[in-house]
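Hi everyone, thanks for coming. I'd like to walk you through one structure today, starting with its pockets and ending with a single residue. Please have a look at it on the screen.

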Amino acid sequence: MFRDSLCFDDVLMVPKYSDIPTREDVDLSSELDPWTLGNPILSSPMDSITEVDMAVSMAQHDCLGVIHRYNTLDQQLFIVNQVLSMAPNSAHCAAAVGVTGDFSERAEALVKAGVGVLCLDVAHGHHSLVKDALRQLTSQFGDDVHLMAGNVATLEGYECLVEWGADSVRVGIGGGSICTTRMVTGHGVPTFQSILDCARSSYNAPIIADGGIKTSGDCVKALAAGAGFVMLGSMLSGTTECPGSIFTIANGEKHKVYRGMASSDAQVKWRGKASAPEGVSTTVRYRGGVKHILRDLYKGIQSGLSYSGCRNIKELQENVEWIRQTSSARQESSAHILSRG
Ligand code: IMP
């Protein structure tokens, strides 16, 4: 039988009575055991999003950048060491590893260098290889490091990863802005629905909402639905801190590359050949420093909590009232004068 599933754009939160004088009074902190981050925002482990500059900027804003794994161990260590000399708090240094090949020695070297969060980064996380890798890393490090793992789309997937040793779980399959997994494989679940499903668990490992988040409003919806953090690719893309050069296109606009890690371009870059791409590569308009984007983002999220009359993320999750919106309501929900002829 077919179950219904909801996307971010299918829902709205109902404004509630508020006695919060200013949005600065809203606390956005969120726990990533054993640390607390001031803002619930992570940057994606992608080679067009998170290397040194993005990781340092995220740390400076009390967010967290996850350094990608699409390089050699030496290259990844070089990035990590630069981040750690500028952001010397291991809460603020996270790096991704895979689940095959050199992942265990990579993890060992990264932790030795000072990384506090290891991210087991695979497309289909509800998988026996992830189980073996999590078991290996938990026996290797005990409680010395935070293990983030994913991605999963279901409650069962979330609970398996926690039982296998994950301290936090990336939730979302097929929703990324550069992702073609649903077209190529026919599989996936709208990220908002996956968050709602995983949040029914009695386990409390933070859910990291990942893929398809387009606005600060989507961030608020993800947090209200049960996520502890949002992970962002496209919302941070095209900024100065993203790896890659700025180039000028025919109409004079400045652009940068943003690409899926399973796109042909990315695969060729990191392993010399491409097969069965599940992502695309594109260019996005250059948007200046990420600090402006982050500032607007957390001010927007703070406003969001205050519309629900909530002073922190926990209160939002307890008090949120959802409505579904029709497609005509969705049209009204955007700045619709812009679509007038
Ligand atoms: P965005 O924020 O919607 O741009 O999505 C970013 C997320 O898409 C990342 O954090 C990954 O989970 C996911 N992702 C990255 N590269 C690919 C890909 O090539 N195919 C599918 N998903 C991807």
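Let's begin with the largest pocket, which has a volume of about 1,200 Å³. A quick word on terms: on a 1 Å grid over the protein atoms alone, a pocket is an open set of points where a 1.4 Å probe fits, with protein on both sides within 12 Å along at least five of seven lines, and lining residues have an atom within 4 Å of a point. The volume is the space filled by probe spheres set on those points, which are joined across faces, edges and corners.

Before going on, please keep in mind that this is a predicted model, where local features need pLDDT of at least 70, side-chain atom pairs count only at pLDDT 80 or more, and totals for chains, interfaces and linings use all residues. Residues are numbered from 1 along each chain as its sequence is written, and side-chain values use heavy atoms, with hydrogens and water left out.

So, what lies nearest the centre of the largest pocket? Of its 47 lining residues, those are Val-122, Ala-123, Thr-181, Ala-262 and Glu-278. Helix H9 (264-271) is one of the elements that supply at least two lining residues, and H9 gives the largest share, 3 residues. Helices here are DSSP runs of H or I with at least four residues, strands are runs of E with at least two, and both are numbered from the N terminus. The lining divides into 19 nonpolar, 21 polar and 7 charged residues.

Now to a sheet. Three strands form an open sheet in the order S12-S13-S14, with antiparallel pairing. Strands S12 (247-248) and S14 (281-285) are at the edges with a single partner strand each, so one side of each has no neighbour in the sheet. Two strands pair if DSSP finds at least two bridges between them, and S12 and S13 (residues 254-259) have 2 bridges. Phe-247, for example, has His-255 in S13 as its bridge partner.

What about the inside? The largest nonpolar core has 87 residues, and Ile-41 and Leu-118 have the most contacts inside it. Such a core is a set of buried Ala, Val, Leu, Ile, Met, Phe, Trp, Tyr and Cys residues joined through side-chain atoms within 4.5 Å. Buried means under 20% relative accessible area, exposed over 50%, and partly exposed in between, with a 1.4 Å probe and protein chains only. Helix H7 (residues 191-198) is mostly covered, with 7 of its 8 residues buried.

Last stop: is Ser-90 buried or partly exposed? Ser-90 is partly exposed, at a relative accessible area of 27%, and it sits in the loop between helix H2 (73-86) and strand S6 (94-97). Leaving out residues up to four places away in sequence, Ser-90 touches Trp-35, Gly-114, Gly-116 and Val-117, where contact means heavy atoms within 4.5 Å.

Terms used:
Nonpolar A, V, L, I, M, F, W, Y, C, P; charged D, E, K, R; others polar.
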